[in-house]
Amino acid sequence: MIQGFLALAALALLAPPTVTAAQDARPAAVKTKAKAAKAKPRKAKPAAALAAAPDLLPSADTLRVHDWVSSAGDNHGLPYLIVDKPHAALFLFDPAGKRLAAVPVLIGIAPGDEASPGIGAKELSEIGPAEKTTPAGRYLARFGLAVGKERVLWVDYYTSVALHPVPTGAAARKEKRRERLASPTPDDNRITFGCINVPSTFYTRLLSPLYRGKGGYVYVLPDSKPIEEVFPALHAQSVAAR
């Protein structure tokens, strides 16, 4: 149901993970009582099958952000993805702006567009329900270590917001995370502490190879803030269009 990596350059360019992430990723430097879930093998699907998601159509805001990024070159030649929180959907694009896939996501339990101050230094048990948000914004995401020495795609390391596969541990099974991800509506997709959970096959076969090395951008659409407040460049784009 989370900004800057310059201070963590030593971790930023690590190779993609070969195991599933913990219940919700925490920075390796932060102590936590949460245990990493052990990986369970899943039968891989062809990449072509992942790209076909006819039921996940981009919203007007998703299309607007995509048009701005691709026309302005805001992704600086890197791959990028757009997380549409209101519709619990993710759209992945290559550096040229070509759409590669669309998949459902799990996001923070609480609606909200900002991270609570100091949340990145808290243990999971210290995070209150209202703090379990996935903040909106533009992020340069790179791979790095989480607790348990697992590698995740850090969207924002300082607020502990990572993008990783749906966990497979007992807690995730109790929360029915896989079932929530597969449900036909986004109504039950708010369950994480703020991290973004995606299908493991999509993560392994499509996202990880694209974001390996220099990383890529992540654009998280807001729940309630005006979209032009989150992405100010959209206002200039609107004015130019008029």
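**The sheet and its helices**

Reply: The order E3-E2-E1-E10-E5-E6-E7-E9 describes an open sheet of 8 strands with mixed pairing. Its edge strands are E3 (99-104) and E9 (196-198), each of which pairs on one side only. This is a predicted model, in which local features need pLDDT of at least 70, side-chain atom pairs count only at pLDDT 80 or more, and totals for chains, interfaces and linings use all residues. Residues are numbered from 1 along each chain as its sequence is written, and side-chain values use heavy atoms, with hydrogens and water left out.

Me: What makes strand E1 and strand E2 a pair?

Reply: Two strands pair if DSSP finds at least two bridges between them. Strands E1 (residues 80-84) and E2 (residues 89-93) are joined by 5 bridges and run antiparallel, so they meet that definition. Among the partners, Ile82 is bridged to Phe91 of E2, and Tyr80 to Phe93 of E2.

Me: How do you know that E1 and E10 pair?

Reply: They have 4 bridges, in the parallel sense, and the definition asks for at least two, so they count as paired. Leu81 has Val218 of E10 as its bridge partner.

Me: Why is E1 called mostly covered?

Reply: Buried means under 20% relative accessible area, exposed over 50%, and partly exposed in between, with a 1.4 Å probe and protein chains only. In E1, 5 of its 5 residues are buried. Tyr80, Ile82 and Asp84 lie on one side, Leu81 and Val83 on the other.

Me: Why is H3 called a helix, and how does its length agree?

Reply: Helices are DSSP runs of H or I with at least four residues, strands are runs of E with at least two, and both are numbered from the N terminus. H3 has 13 residues, so it passes that cut-off. The expected span is 1.5 Å times one less than the number of residues. For H3 this gives 18 Å, and its end C-alpha atoms are 18 Å apart, which agrees.

Me: What puts the buried residues of H3 on the same side?

Reply: The buried residues of H3 are Thr62, Val65, His66, Trp68 and Val69. They cover an arc of only 165° around the axis, so they share one side of H3; the arc is that of the directions from the helix axis to the C-beta atoms. On the other side of H3, Ala60, Ser71 and Ala72 are exposed.
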